[in-house]
Amino acid sequence: MEQDVLSLTFGALSDPTRRALLARLAIGEASVGELAQPFDMSTAAVSKHLKVLENAGLINRHKRSQYSYCTLEAGPLKDIDRWVGAYRVLWHENLEQLDDYLAELQRVDPEAPKQ
């Protein structure tokens, strides 16, 4: 069964090492060796994390000479933003209702703690 894009993306983002790799790639292209440098793990282990990110469409890997370089692909992150955005409206409405409720409490009981 083929996984949907959001599931692949959220799965890839579930690991802190992969999120750190994406944060580094947000700065710009990097070789696998450069990406592996700050981690206390082998280049092979970092490559496995990169493969997960690549399968989720979050990075692009390409060879130049004998080195492999990675770049960030933001498309799947935009998909997540759209998905979360649908809930952002709901959260905003709920916070407005809470604001209204707290304002009403202030009118009823002026001694209540201020917002």
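Reply: What follows covers a helix and its surroundings, then a hairpin.

This is a predicted model, where local features need pLDDT of at least 70 and side-chain atom pairs count only at pLDDT 80 or more, while totals for chains, interfaces and linings use all residues. Residues are numbered from 1 along each chain as its sequence is written, and side-chain values use heavy atoms, with hydrogens and water left out.

Start with helix H1, residues 5–13. Helices here are DSSP runs of H or I with at least four residues, strands are runs of E with at least two, and both are numbered from the N terminus. Asp 4 caps the N-terminal end of H1. One of its side-chain oxygens lies 3.3 Å from the backbone nitrogen of Leu 6.

Thr 9, Ala 12 and Leu 13 of H1 are buried. Their directions fall within an arc of 95° seen down the axis of H1, so these buried residues line one face of the helix. The arc is taken from the helix axis to the C-beta atoms. Buried means under 20% relative accessible area, exposed over 50%, partly exposed in between (1.4 Å probe, protein chains only). The cover over the buried residues of H1 includes helices H2 (16–25), H4 (43–55) and H5 (75–108).

The structure holds three aromatic pairs. Rings of Phe, Tyr and Trp (its six-membered ring) pair with centres within 6.5 Å; planes under 30 degrees apart are stacked, over 60 edge-to-face, the rest tilted. Phe 10 counts as partly exposed because its relative accessibility is 37%. Trp 83, at 40%, also counts as partly exposed. Phe 10 and Trp 83 form one aromatic cluster with Tyr 87 and Trp 91.

Now the hairpin. Strands S2 (59–64) and S3 (67–72) pair in the antiparallel sense over six bridges; at least two DSSP bridges are needed for pairing. Two residues lie between the strands, and Ser 65 in the turn has a positive phi of about 60°. His 62 stands opposite Tyr 69 in S3. The charged end of Arg 64 sits over the ring of Tyr 69, 4.3 Å from its centre (CZ of Arg or NZ of Lys within 6 Å of the ring centre and within 35 degrees of the ring normal).

Key. Contact means heavy atoms within 4.5 Å. A polar contact is a pair of N or O atoms within 3.5 Å; within protein, one must be able to donate a hydrogen and the other to accept it, and residues adjacent in sequence count only if both atoms are side-chain atoms.
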